Amino acid sequence: MTETEQTETERAETERAETERAETIDDAPAAITDGESDDVHTPAPDSESVNDLRTPTAAFDALYTRHAPDLTRQAIVLTGHARLSQEAVERSFQMAWQRWPDMAVDPDPAGRVRAMVHEYALSPWHRMRPVLWTAQRPSPLAPAAPPATPAERALRDAVLALPAPYRRVLLLHDGLGLELSETAAEVEASTPATAGRLMRARQALAERVPWLGLADEPPMRQREILRERLAGLARALPVAPPAAKAVRSGSERTVSRMTQGAFGLTALIAVATAFTLVQEAGTLPTRPEAGPPAASSSAAPGAAARAAREQHGEHARARQAKAGGAAKRKVVRVGHLAPEAR
């Protein structure tokens with residue numbers, strides 16, 4: 001066999017292997033993806049595109065473009081709120097861009113951003129923002145969802161009725177296909193606690209939506225059913241995330257405002273400190289005049305007693321003199337009033 005025939009044979013085997021792999025991927029069951037959807041074909045990266053991904057901007061844009069739509073759908077499944085979900089995705093990617101040197105070397109940057117999105121979306125402090133819950137009008141970034149079928153509406157309401165930790169565990173394990181240990185690590189809980197949350201979430205769904213058929217099924221079959229149902233629930237949600245450039249610009253503006261605020265606060269503290277020092281310097285008390293020397297602690301007890309007696313005697317003489325003066329004034333006054341008494 002010549003070298004040309006051998007090369008053609010190897011090329012044919014490679015093409016056949018790629019075809020079989022593509023058919024296997026097409027036959028896989030649908031799920032809530034954590035990247036690009038199945039109907040989008042990703043071309044093989046050439047040398048020029050690989051070189052472009054070495055820049056931080058290109059790498060971030062690629063990560064955002066691939067994962068932002070699916071993360072938005074996941075957040076909507078968790079919260080039922082499109083605007084909050086879009087905000088969670090934008091804020092999380094903005095924080096990722098601010099920490100990009102650390103994110104770039106992370107073995108799973110998409111998983112790290114996903115954890116930030118879920119934590120932000122499920123944060124309880126959003127309950128104190130009534131604007132989010134009263135103004136749910138469709139917008140270009142949060143388009144209105146198509147009318148849901150009764151089955152989809154029942155499943156969505158049942159999922160949203162679960163406690164937030166149960167929802168997150170159910171989405172990660174059954175919806176995204178993470179292993180139980182990986183799910184526990186992402187939600188920062190122990191494996192037994194995560195398994196308990198998952199079991200109670202499945203039991204609650206089996207009671208609220210019995211047509212799912214979860215009650216009498218083994219755990220693996222329950223996982224398959226929920227994965228298919230949650231994937232269908234997410235695919236029905238239209239999302240339109242902003243461009244990656246807009247997210248990067250928003251992150252840079254946020255950093256700029258934080259820097260300016262820090263400088264402004266530092267200058268304000270310096271001015272207040274200087275003003276306080278000037279005021280204290282203008283109101284300092286003058287040095288008191290020197291008074292009589294204090295009695296030494298080392299003086300003898302007799303000297304202290306003698307000084308106390310002398311002081312008491314002076315007080316007594318002062319009182320006697322004051323009483324004598326008052327008596328003389330009385331006598332004089334009486335003399336003026338009764339001259340015949342003289």
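D106 sits at a relative accessible area of 22%, so this residue counts as partly exposed (buried is under 20%, exposed is over 50%, and partly exposed is in between, with a 1.4 Å probe and protein chains only). The model here is a predicted one, where local features need pLDDT of at least 70, side-chain atom pairs count only at pLDDT 80 or more, and totals for chains, interfaces and linings use all residues. Residues are numbered from 1 along each chain as its sequence is written, and side-chain values use heavy atoms, with hydrogens and water left out.

What does D106 pair up with? Its side chain meets that of R112 in a salt bridge, at 3.4 Å from N to O; the term stands for a side-chain nitrogen of Lys or Arg within 4 Å of a carboxyl oxygen of Asp or Glu. R112 is itself partly exposed, with a relative accessible area of 25%. R112 also meets D102 in a salt bridge, this one at 2.9 Å, N to O. That pair links distant parts of the chain, ten residues apart: D102 lies in helix α5 (residues 100-104) and R112 in helix α6 (residues 109-121). Helices here are DSSP runs of H or I with at least four residues, numbered from the N terminus. D102 comes out at 41% relative accessibility, so D102 is partly exposed too.

Further along, in helix α12 (residues 219-235), E224 and R221 are three residues apart, which means about one helical turn separates them. They form a salt bridge as well, with the closest N and O atoms 3.2 Å apart. Both ends are partly exposed: E224 has 46% relative accessibility, and R221 has a relative accessible area of 39%. A search of the whole structure turns up nine salt bridges.

Now for a pair of helices. The axes of α9 (residues 164-175) and α11 (residues 191-208) come within 9 Å and cross at roughly 95 degrees, so α9 is roughly perpendicular to α11. Axes are lines fitted to C-alpha atoms, for helices over the stretch in contact, with angles running from 0 to 180 degrees between N-to-C directions; roughly perpendicular covers 65 to 115 degrees. On the α9 side, P165, Y166, V169, L170, H173 and D174 meet T194, R197, L198, R200, A201, R202 and L205 of α11, where contact means heavy atoms within 4.5 Å. By class, this contact holds seven nonpolar, two polar and four charged residues (Ala, Val, Leu, Ile, Met, Phe, Trp, Tyr, Cys and Pro count as nonpolar, Asp, Glu, Lys and Arg as charged, and the others, Gly among them, as polar).

Methods. Helices (H or I, at least four residues) and strands (E, at least two) are DSSP runs, numbered from the N terminus. Angles under 35 degrees count as roughly parallel, over 145 as roughly antiparallel, 65 to 115 as roughly perpendicular and the rest as oblique.
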